[in-house]
Amino acid sequence: MLRESSKRSGSLDSLNLQGAVDPGSDSGVPHGSLLTAFAEAAVRRTDALPGLRERIAAELGPQELVDAAGVVANFQRMVRIADGCGIPLDEFTRDATDDVRDDLGLHAFASAANTA
Amino acid sequence: MPFAYAATDLPIRPKTVDAHRQSWEIIANPGRWWTGAERVEIARVARAARDFDAPTTELLPEAAVYAIQKLVVDNANLSREWYEETVASEGMTEDRYVELVAVVVHALSIDEFHRALGLELEPLPESASGEPTRERPAQADQRYSWPPIVPKDGLNPGDEMLYGPLDWGANVISALSLIPENVRWLHDLSEGHYLSFAEMRQPDPLRAISRPQIELIAARVSALNECFY
């Protein structure tokens, strides 16, 4: 979805998918490092979270902060549905991500076993 | 009225508030396999699990409590063997498991929204009386996931379009459909927190952050949870 949305927005050339899995990599998405740091602090519930909230509200805006929190909340749900039901990758996702899953280290995840 | 958000100046979207209130009402009422009191208890145990707390409960079977805790804090290490053992345990079935997962993940998602924004958690709802309907859809079918799913013609009236042109939706959309109401619930909270199923196919602008920013956050959360899907 990240690659597809970047393609649609015309920013595919600057996209670095490693930014989604490695906090030390720049994703190429505007404010991407700040947003992924916020996501990580929210998921891991670290002390960095209040400061990151303030930065997003100040640098992007309060609605942007609320929408970012919504995405975190949504995917805290979706990953548990996927892994709690043992679903495999959809065929179209499998085809579209064939070239990057190894590079991103996704096959090391236990839930990779759900996709033959 | 729950979810008034009176103590914050943050611009919480009306659709988010609606989805939260609707979720609390769904949790409070009897489902197909659990009473309202049991469903609220499931949400309570899930909330505590996020704090690595394990409250005592006499309302839920032991296997249900363990399943809730695994789903909340050890979701990266679930397996088919664990699932099969869980649904074969005393007080559990495939149907009860699917309903439990739905309550856990929706309650957790709303709590996570609050935690991410530094807001107080909403008190859990008072449960409504009544008995579960104990109705398994006749169309339930074993396909690709651990629990059976319900194809399009077995969903509740009006929800068939949520599966799109296929007879079942993307795997994650149909994953909890053994309880067909879950498909609508999944959609409505998606719309409140992320995007509606229709918006997922539409171009920016959709929210205050761009679609690539939305999907980057989604990918990071998935990676942190070690979710292959």
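Chain B has 229 residues, and a compact globule of that length would have a radius of gyration near 17 Å; the chain has 17 Å, which agrees. That radius is taken over C-alpha atoms, and the globule rule is 2.2 Å times the number of residues to the power 0.38. Along its principal axes, the C-alpha trace of chain B spans about 50 × 40 × 35 Å.

This is a predicted model, in which local features need pLDDT of at least 70, side-chain atom pairs count only at pLDDT 80 or more, and totals for chains, interfaces and linings use all residues. Residues are numbered from 1 along each chain as its sequence is written, while chains are lettered from A and ligands numbered from 1 in the order in which they are written.

Start with the fold of chain B. The chain has 8 helices and 0 strands. From the N terminus on, its elements run α-α-α-α-α-α-α-α. Elements here are DSSP runs, numbered from the N terminus: helices are H or I with at least four residues, strands are E with at least two.

Chain B is divided into domain 1 (14-197) and domain 2 (202-229). These bounds come from an automatic or database domain assignment. The C-alpha centres of the two domains lie 22 Å apart. Their contact takes 4 residues from domain 1 and 4 residues from domain 2 of chain B. Two residues are in contact if their C-beta atoms, placed from the backbone, lie within 7 Å. The domain 1 side divides into 3 nonpolar, 1 polar and no charged residues. In this scheme Ala, Val, Leu, Ile, Met, Phe, Trp, Tyr, Cys and Pro count as nonpolar, Asp, Glu, Lys and Arg as charged, and the others, Gly among them, as polar.

Now take two helix pairs. In chain B, the axes of α3 (residues 62-73) and α5 (residues 94-117) come within 10 Å and cross at roughly 45°. Axes are lines fitted to C-alpha atoms, for helices over the stretch in contact, and angles run from 0 to 180 degrees between N-to-C directions. α3(B) and α5(B) are therefore oblique to each other; angles under 35 degrees count as roughly parallel, over 145 as roughly antiparallel, 65 to 115 as roughly perpendicular and the rest as oblique. The crossing of α3(B) and α5(B) is right-handed. A crossing is left-handed if the near helix is turned anticlockwise from the far one by less than a right angle, and right-handed if clockwise. From α3(B), B:A64, B:A67, B:I68, B:L71 and B:V72 meet B:Y97, B:L100, B:V101, B:V104 and B:L108 of α5(B). This contact has 10 nonpolar, no polar and no charged residues.

The second pair is α1 (residues 14-28) and α7 (residues 181-193) of chain B, packed at an angle of about 145° with axes 7 Å apart. The crossing of α1(B) and α7(B) is left-handed. Residues in this contact include B:K15, B:D18 and B:I26 in α1(B), and B:W185, B:D188 and B:E191 in α7(B). By class, it has 4 nonpolar, 6 polar and 4 charged residues.

Between the chains, 60 residues of chain A are in contact with 59 residues of chain B. α5(A) gives the largest share of the chain A side, 23 residues. The chain A side has 31 nonpolar, 19 polar and 10 charged residues.

Two backbone details remain. A cis peptide bond joins B:D204 and B:P205, with omega about 0°. B:P205 lies in the loop between α7 and α8 (211-224) of chain B. A:H31 has phi near 60°, a positive value in a residue other than glycine. A:H31 is found in the loop between α2 and α3 of chain A.
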